[in-house]
Amino acid sequence: MMEQPIFSTRAHVFQIDPNTKKNWVPTSKHAVTVSYFYDSTRNVYRIISLDGSKAIINSTITPNMTFTKTSQKFGQWADSRANTVYGLGFSSEHHLSKFAEKFQEFKEAARLAKEKSQEKMELTSTPSQESAGGDLQSPLTPESINGTDDERTPDVTQNSEPRAEPTQNALSFSHSSAISKHWEAELATLKGNNAKLTAALLESTANVKQWKQQLAAYQEEAERLHKRVTELECVSSQANAVHTHKTELNQTIQELEETLKVKEEEIERLKQEIDNARELQEQRDSLTQKLQEVEIRNKDLEGQLSDLEQRLEKSQNEQEAFRNNLKTLLEILDGKIFELTELRDNLAKLLECS
């Protein structure tokens, strides 16, 4: 390829909303590789980023461009040719500063290249229409940029407010609901941690495969060097040269062995991280099961509470009917008492007359 990457980093990619010109629209679901490319045949610098096989950034650096840091981990620049504004979210301020330094460096290099091109055109007195600098496109393949995927998990919590009843079952239902909320929060936290560990596990697995290939290559190189040392030792007429070469080869072998040792330690560390991720997965499954049990218990308590409410309502209806009957009896009794009173008065009058 005539166009080669000269600096790479990882960031979340955004573009300005073409409608509002205010809001940022993410163009990648996860952090992707963002690279500076230099095309020696066209003498131009470009910023390129791929998400799978799709180019989400393809911006040619011109002398009038400016990279602006809008926060500790976010920067942006405007591309008039693409008629958009690109934004990058980095994992740390150091990565943002490094990217900004490279942007300024390649912007200055683009300016010098443009001035040299103009000087050459003036010396040769050849007309040119390229003083504004065209956006020269070069083909890209997904293999030119390496990256791994990261994931995210949303959190969901439910709020339930049971009716307060002066019974033991209602108190148990309220307590169980609080426990359920606690376990749901714990489960949501574990889901987020599990997503991060899963992403790290995928990236670590890819690195392990790559390092295993490097280890195999180093081992083959070490075997080849050992054979070469043996062959040189058999040549007696070149003893001094063989000795010098043997020393160099031994140093190379020692360096390769040290590299192998470092890679093996890294593999052991990654295996430990994989085991930790599995333990967290088991804890997540256990908490999920406990949450399901709590939900089942809540349903049982809700059923008991509903039954108590029905019984209470029935009892209230019976009491209301009893009160109505008692009221009717009292009215009848009042009528009878009134009649007895009249009868007593009449009897008293008869006795007085007799």
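Is Asp 39 buried or exposed? In this predicted model, Asp 39 counts as buried, because its relative accessibility is 2% and the cut-off for burial is under 20%. Asp 39 forms a salt bridge with Arg 42, and the closest N and O atoms of this pair are 2.3 Å apart. Arg 42, by contrast, is partly exposed, having a relative accessible area of 34%.

Side chains of opposite charge can pair when their charged atoms come close. Under the criterion of a side-chain nitrogen within 4 Å of a carboxyl oxygen, the count comes to nine salt bridges, one of which is the pairing of Asp 39 with Arg 42.

Another salt bridge joins the side chains of Glu 105 and Lys 102, with an N to O distance of 3.8 Å. These two residues, Glu 105 and Lys 102, are three residues apart in helix H1 (residues 93-124), and are therefore separated by about one helical turn. Glu 105 counts as partly exposed at 44% relative accessibility, whereas Lys 102 is buried, with a relative accessible area of 18%.

In helix H3 (residues 239-353), Glu 273 and Arg 269 lie four residues apart, about one turn of the helix, and their side chains meet in a salt bridge at 2.4 Å, N to O. Glu 273 counts as partly exposed at 32% relative accessibility, and Arg 269 likewise counts as partly exposed, at 37%.

Conventions
Residues are numbered from 1 along each chain as its sequence is written. This is a predicted model: local features need pLDDT of at least 70, side-chain atom pairs count only at pLDDT 80 or more; totals for chains, interfaces and linings use all residues. Side-chain values use heavy atoms; hydrogens and water are left out. Buried means under 20% relative accessible area, exposed over 50%, partly exposed in between (1.4 Å probe, protein chains only).
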